[in-house]
Amino acid sequence: MSAMQEGQVARPTGERLGPKAGSREPATGDETGTSRPMIQLKEVTKRYRTTELETTALDGIDLDIEQGEFVAVMGPSGCGKSTLLNIVGLIDTPTSGNFYFSDREVSHYSENKLADLRKGNVGFIFQSFNLIDELNVYENVELPLLYQGVPKAQRRNLVREALELVGLSARAKHKPDQLSGGQQQRVAVARAVVGDPKLILADEPTGNLDSKNGEEVMSMLKILNDQGATILMVTHSPSHAERADRIVNLLDGRVVPPDELEI
């Protein structure tokens with residue numbers, strides 16, 4: 001596989017549930033035979049309760065994301081973006097409503113079932129990189145494969161391909177504190193895609209980067225999407241959101257038209 005800088009990106013080839021990300025095949029559909037999007041939320045509400053207060057983070061969200069689509073989510077702080085990402089990423093569950101992930105209704109899954117489904121099917125890219133300081137670049141990228149029980153020889157090949165993908169093969173033995181912010185985020189991208197997940201979730205992936213490194217990360221995401229990766233990205237940057245196929249605007253936990261959103 002060629003390096004990222006050469007513009008030729010090959011996807012890792014690990015096992016996965018359902019159609020391969022690059023195939024852009026439709027979901028198998030529901031019991032009526034109707035094709036279902038890869039991600040589908042129907043009237044999803046999320047409430048957080050304390051002894052004295054109830055907060056509604058999501059209020060009746062309807063959202064479809066097709067296989068191979070690149071969707072950007074925008075909105076002011078506190079509008080529900082992170083909650084939406086946590087539910088779609090199988091970290092949290094709705095208080096009410098239906099959530100279909102790759103044609104599975106998962107809104108009532110236990111934490112263990114969500115974790116099992118999340119492994120190998122969802123890759124995360126965080127604003128703060130979330131690399132483990134004690135591990136070198138190779139080991140950070142390898143970590144999801146260890147959780148999935150991928151054999152050592154296969155792990156070695158997949159990590160090598162992922163580091164070539166982001167142009168960091170020569171930095172494999174470096175620790176995170178020996179890398180620039182842009183390089184650390186590229187490691188995070190490699191870690192997110194190393195297992196060839198069905199879905200990549202990017203939470204403000206350029207938020208801690210300067211404009212040059214931010215553009216490099218966005219170009220990387222766009223190339224991955226062009227090869228078939230499904231991406232859901234939260235961002236405050238209108239210019240980065242424009243790189244997506246579609247922009248979803250949130251306000252007070254609801255999806256709203258662009259002209260009603262105050263940023």
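Reader: Which helix holds Asn 86 in this predicted model?

Author: Asn 86 is found in helix α1, residues 81-88. The model is predicted.

Reader: Why is Asn 86 called partly exposed?

Author: Its relative accessible area is 30%. Buried means under 20%, and exposed means over 50%. Asn 86 has 30%, which lies in between, so Asn 86 is partly exposed.

Reader: What is Asn 86 in contact with, leaving aside its neighbours within four places in sequence?

Author: Asn 86 is in contact with Ile 91 and Asp 92. Contact here means heavy atoms within 4.5 Å.

Reader: What separates the C-alpha atoms of Asn 86 and Asp 203?

Author: A distance of 10.0 Å. Along the chain, Asn 86 and Asp 203 are 117 residues apart.

Reader: Which residues of β3 are buried on each side?

Author: Phe 70, Ala 72 and Met 74 are buried on one side. Val 71 and Val 73 are buried on the other. Both faces are therefore covered.

Reader: How do you know that β3 and β8 pair?

Author: Pairing needs at least two bridges. β3 and β8 (residues 230-234) have 4 bridges, so they pair, in the parallel sense. Phe 70 has Ile 231 as its bridge partner in β8.

Reader: How many bridges join β3 to β9?

Author: 4 bridges join β3 to β9, residues 246-251, and the two run parallel. Here Val 71 stands opposite Arg 246.

How values were computed. Residues numbered from 1 in each chain as written. Predicted model: local features only at pLDDT ≥ 70, side-chain atom pairs only at ≥ 80, totals over all residues. Heavy atoms only, no water. Buried < 20%, exposed > 50% of the residue type's maximum accessible area, 1.4 Å probe, protein only.
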